[in-house]
Amino acid sequence: MASTESLLPLTSQQDPLSRSDLNSETRRRRPIKLHLAVYSGFLLIALYVTLIVTHDGSRVKNDETTTESRAYLAGVSEKRVSNDRENEAFPWNNTILSWQRTAFHFQPEKNWMNDPNGPLYYKGWYHFFYQYNPNAAVWGDIVWGHAVSKDLIHWLYLPFALVPDQWYDANGVWTGSATFLDDGSIVMLYTGSTDKFVQVQNLAYPEDLSDPLLLKWTKYPGNPVLVPPPGIGEKDFRDPTTAWKTSAGKWRITIGSKVNKTGISLIYDTTDFKTYEKHDTWLHQVPNTGMWECVDFYPVSKTKTKGLDTSVNGRDVKHIVKASMDDTRIDHYAIGTYYDSNATWVPDNPAIDVGVSTGLRYDYGKYYASKTFYDQNKGRRILWGWIGESDSEAADVQKGWSSVQGIPRTVVLDTKTKKTLVQWPIKEIESLRLTSKKFHMKVEPGTVVPVEVGPAAQLDIEAEFTIKKSDVDIIFGDDSVDTDKEFSCETSGGSTVRGALGPFGFSVLADQSLSEQTPVYFYVTKGKDSKLSGKDSKLSTFFCTDTSRSTKANDVVKPVYGSFVPVLKGEKLTMRIIIDHSIVEAFGQGGRTCISSRVYPTNAIYGATKLYLFNNAIDATVTASFKVWQMNSAFIHPFSADDLGVPSRT
Ligand code: DQQ
């Protein structure tokens, strides 16, 4: 067991680690450390925000001139990364870049991908459509890519489903959703960016419903079926949802938009998907949240962990509204009640409404433009989310691809708290688990321990942690230990800032000397009771991922991600981490808080990639019980007639 001193880079906020640190002097110094940490955290965030705003990739300032990208001109913007940092571009080479490609996440063979579109299950196949640029590793020329899978893990790429070949989608076949009609047929609604860059809604359907692969799609000759209504900007009208049934037997959809700075969700009813009645009221609106993209609306059971078909309503049901905030690139959701009679939805807790900064997020890392679908095959609701890049556009172009999709997640209401959703990687991902090793380790304060698992670039880790009770009791009995009221993963300085009861967890994608590492950790504070925590919990727990030391490269955005995670009385602290080369997906407390990170190590690659367990708390001894699986690669490649077991069409 090595000491943290030698292995975790010291920062100005970090204390030496001798046992004498546990004296009251250290504790008295903690508030100063906290201020420093908060202050430097704010500076980092301010810098990060400035870079996002100034170098949005769509609004790049070049000394005197301002260039506007195609995405921005078109009314969407897709890549937000610092241009300044690109000036300090890391000398990426093919060896490093090839390692970044994932082994079991869905990504196209090459080029740019963004939003998941129209996921569905049909005649034995899961269908996945996605925003795709066939011509480059940057956003533009968007078509609908199409792939099918038997298990949502192994995929066959099919020919494009929809391409821009009409005036009403000449500038892009944008995001949309599928609906199953009562007779089992399928309609697809999608946004087209017209020849004049106006956003309209279009209808398409499979040409041949007897084809399980749904290879051919027909666009309705009467398209567009919806144009921006009066009062709505022509570039602020996009991403129709899956339709659900009203009590009057009509179909209802919602479409994201904004009015001034208020994010809104428009409502339309239809019987045939060709003509629509617009409601004068909105499903929901939240001031100062800006344009709502990719709205999702679906029911969740209050009592059961089964998924629900989109039209289900009733007493046992809550409804989720999710919107992707174009201004912040965050997917926010809220739990509330849907009123069929006037087509409105009201949040349970207005303080955490859709899109407010204190509101709930599917994922506290990189995760956007997500979409759920009801999997009638297994009675579950599945969430897809686009996980973009955190590196520079130049690096994307050099490596020839950009973006992955998260491992699909089942999504249900947390039936214990009823205050958050819980998301969990679909069961099928476990079919990729290879050899495993079990560990049970006591980790003293200030230590970091190598976990001998061999190569560590494709792993699935399930772990539970307990803090020695006497350590917690001492903290509570010691008034000199401050309550970390202000703790936040994002602004409190990351995994090197030491508190009484945290941080502790894993450092993943690390090299031998820990010069590169990505800590995924809990940070427990002597907290005020949070609204989301168990009633008698005296502790507040945070679940974080610190990417600030994940790579030596400068042309990468490297935030500390994370948030509060509810821990109920009697629960152990649990985390799951799925590592697949340049992506780390972390799930705290069974998926109450999730964090996806893109990381781009330059040393910790291939055989040099290691896993460590660390405890950087000052006072707490932690016991970790965990299992680590090596993960196989998924089979993701272009289809051939043999793969599909169907006669060739050529
Ligand atoms: N991406 C699509 C739009 C959507 C945006 C365009 C969200 O339909 O609003 O590629 O990422």
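Figure 1. Buried means under 20% relative accessible area, exposed over 50%, and partly exposed in between (1.4 Å probe, protein chains only). Asp414 also counts as buried, at 5%. This is a predicted model: local features need pLDDT of at least 70, side-chain atom pairs count only at pLDDT 80 or more, and totals for chains, interfaces and linings use all residues. Residues are numbered from 1 along each chain as its sequence is written, and side-chain values use heavy atoms, with hydrogens and water left out. The closest N and O atoms of Arg592 and Asp414 are 2.5 Å apart. A salt bridge puts a side-chain nitrogen of Lys or Arg within 4 Å of a carboxyl oxygen of Asp or Glu. The pair links distant parts of the chain, 178 residues apart. Arg592 sits in the loop between strands S36 (583–588) and S37 (593–598). Asp414 sits in the loop between strands S26 (409–413) and S27 (421–425). Strands are DSSP runs (E, at least two residues), numbered from the N terminus.

Figure 2. The closest N and O atoms of Arg433 and Glu462 are 2.7 Å apart. Arg433 lies in strand S28 (residues 433–443) and Glu462 in strand S30 (residues 458–467), 29 residues apart. Arg433 is buried at 17% relative accessible area. Glu462 is partly exposed at 29%. Shared partners join Lys427, Glu430, Arg433, Asp460, Glu462 and Arg576 into one network.

**Figure 3. Lys250 pairs with Glu277.** Their side chains meet in a salt bridge (3.0 Å, N to O). Lys250 lies in the loop between strands S12 (244–245) and S13, and Glu277 in strand S15 (residues 276–278), so the pair ties together parts that are 27 residues apart in sequence. Lys250 is partly exposed at 26% relative accessibility. Glu277 is partly exposed at 41%.

**Figure 4. Thr254 is buried in strand S13.** The strand spans residues 251–259. Thr254 has 0% relative accessibility. A polar contact of 2.4 Å joins the side chains of Thr254 and Ser265. Such a contact is a pair of N or O atoms within 3.5 Å; within protein, one must be able to donate a hydrogen and the other to accept it, and residues adjacent in sequence count only if both atoms are side-chain atoms.

Figure 5. Strand S19 (residues 330–339) and strand S20 (residues 344–347) pair antiparallel over 4 bridges. Pairing requires at least two DSSP bridges between two strands. Tyr338 has Trp345 as its bridge partner. The hairpin has 4 residues between its strands, and Ala343 in the turn has a positive phi of about 55 degrees.
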